[in-house]
Amino acid sequence: MNEQAPEVRAGQRIMAGFEGTGAPPSLIERVRAGRVGGVILFQRNIESAAQTATLIASLQDAALASPLERPLLVGIDQEGGRVSRLSPDFTTFPAARGFGDAGDPALAREAARITGTELEATGVNMNFAPVVDILTNPECAVIGDRAFGESPHVVAQMGDAVAQGLQETGVAACAKHFPGIGNLGPDPHETLPASRLTIDDLRPRELLPYQHLIRRAPPACVMAAHAVFDAIDETAPASLSPVFLQEILRGELGFRGVAFTDDLDMGAIDDAADAALQSILAGVDIALVCHSEDAQERACDAIAEAIRDGNLPPEQEEASSDRIRRLKESYCRPNWRAEMLEVIGCAEHREARDKILAALGEA
């Protein structure tokens, strides 16, 4: 049984976003206290590769001084195209749709390998990619060209290639947005979308890429979407639903990795701290709170209280803690050296990118 204080155990269940290109003192204090187990970086946090590496190193120093003496997960949404967080000194690639149209998984895998190599060099150890939504609704602007296409089989092949390309570099992949939101119109950044799709609709289409990836070369992580599927669970979005998280993702699909929520600070969610607790109770491993420090702190306290009073079943908490520990052991490299940055935007990577762009018809 885990003997750490409930607040420390709860902290491992929170990935936090923050403002600025340096770590705020309050974040350093919370990391050192064990109240944050991971951070996510956005464009607002990144000026250059060297600055990013320094930022991450400062956070990891605090994490290794925490009660668990365990490094942080450091995530990013580096999909390519319009969802790109990196500064110009990195090697970046077009959106997924171009790779799906080209139909060559080797191109997607190579782009992911280069991306992963450069992320890993700065200390980023997980990427919230690939997007494996099926774009069945052309009006779904939140996905659009972030999807590889309309075919479940193309999306599965390309998603598999990206996950493998990232993970062979030591960067954990995270398939998203489970169970699939490419048929929805509303943007969960603004409001909570709802779908009438049934589980029989999802199985041969939206769920197929997850089934493919989990059986072949499992992504380390899966991100659950803020979307309600009334015919399956009318009471909660997938990110807060035991039906989706436990019965479908872990039971039917057999996923054994770490499950994340999408950002709980989105407009689809009323209260990020309350939703963080509900997601953990439903079966999520890590709640993503990308903006509000207050919500992050309230979430930590609420999860700690649930651990303390037994509302979070001990066996469920232990299983989740083990999954997070294994993820960190596999992907969190503790020692960074300045010479690792030599790979960022190197001539070899730029030449490979130019060849990929030519193959995609985007040279």
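Okay, let's start with the rings: Phe178, Tyr210, Phe229 and Phe244 are linked into a cluster by ring pairs. Keep in mind that this is a predicted model. The count of aromatic pairs comes to four, and I'll walk you through two of them.

Take Phe178 with Tyr210. Their ring centres sit 5.2 Å apart with the planes at 90 degrees, so we call that pair edge-to-face. Now, where are they in the chain? Phe178 is in strand S5, residues 172-178, and Tyr210 is in helix H8, residues 208-216, so this pair ties together parts 32 residues apart in sequence.

Phe178 has another partner, Phe244. Here the centres are 6.3 Å apart and the planes are at 85 degrees, so that one is edge-to-face as well. Phe244 belongs to helix H9, residues 242-252, while Phe178 is in S5, so the parts being tied together are 66 residues apart in sequence. Phe178 and Phe244 are both buried.

What does it touch, if we skip residues up to four places away in sequence? You get Phe178, Pro179, Leu202, Phe229, Ile232, Asp233, Ala238 and Leu249.

Okay, on to the cores. The largest nonpolar core has 50 residues, and the ones touching the most other members are Phe99, Phe178, Tyr210 and Phe244. Which elements give two or more residues to this core? They are helix H4 (96-102), helix H5 (105-122), helix H6 (152-167), S5, H8, H9 and helix H13 (347-360). H6 provides the largest share, with six residues. There's also a second, separate core of 28 residues, and among its members are Leu55, Ile56, Ala62 and Leu119.

You'll find Asp262 in strand S9, residues 258-263. Asp262 is buried, and yet it has no salt bridge. How far away is the nearest side chain of opposite charge? That's Lys176, at 6.7 Å. So what is Asp262 in contact with, leaving aside neighbours within four places in sequence? The list is His177, Met223, Ala224, His226 and Leu288.

If you have the structure open, click on Phe178 and look for its ring pairs with Tyr210 and Phe244. Then go over to Asp262 in S9 and look at the contacts there, including His177 and His226. That's it from me, thanks.

Terms used: Residues numbered from 1 in each chain as written. Predicted model: local features only at pLDDT ≥ 70, side-chain atom pairs only at ≥ 80, totals over all residues. Heavy atoms only, no water. Helix = DSSP H or I, 4+ residues; strand = E, 2+ residues; numbered from the N terminus. Buried < 20%, exposed > 50% of the residue type's maximum accessible area, 1.4 Å probe, protein only. Lys, Arg positive; Asp, Glu negative; His and termini not counted. Salt bridge = Lys/Arg side-chain N within 4 Å of Asp/Glu carboxyl O. Contact = heavy atoms within 4.5 Å. Phe/Tyr/Trp six-rings, centres within 6.5 Å; stacked < 30°, edge-to-face > 60°. Core = buried A, V, L, I, M, F, W, Y, C linked by side-chain atoms within 4.5 Å.
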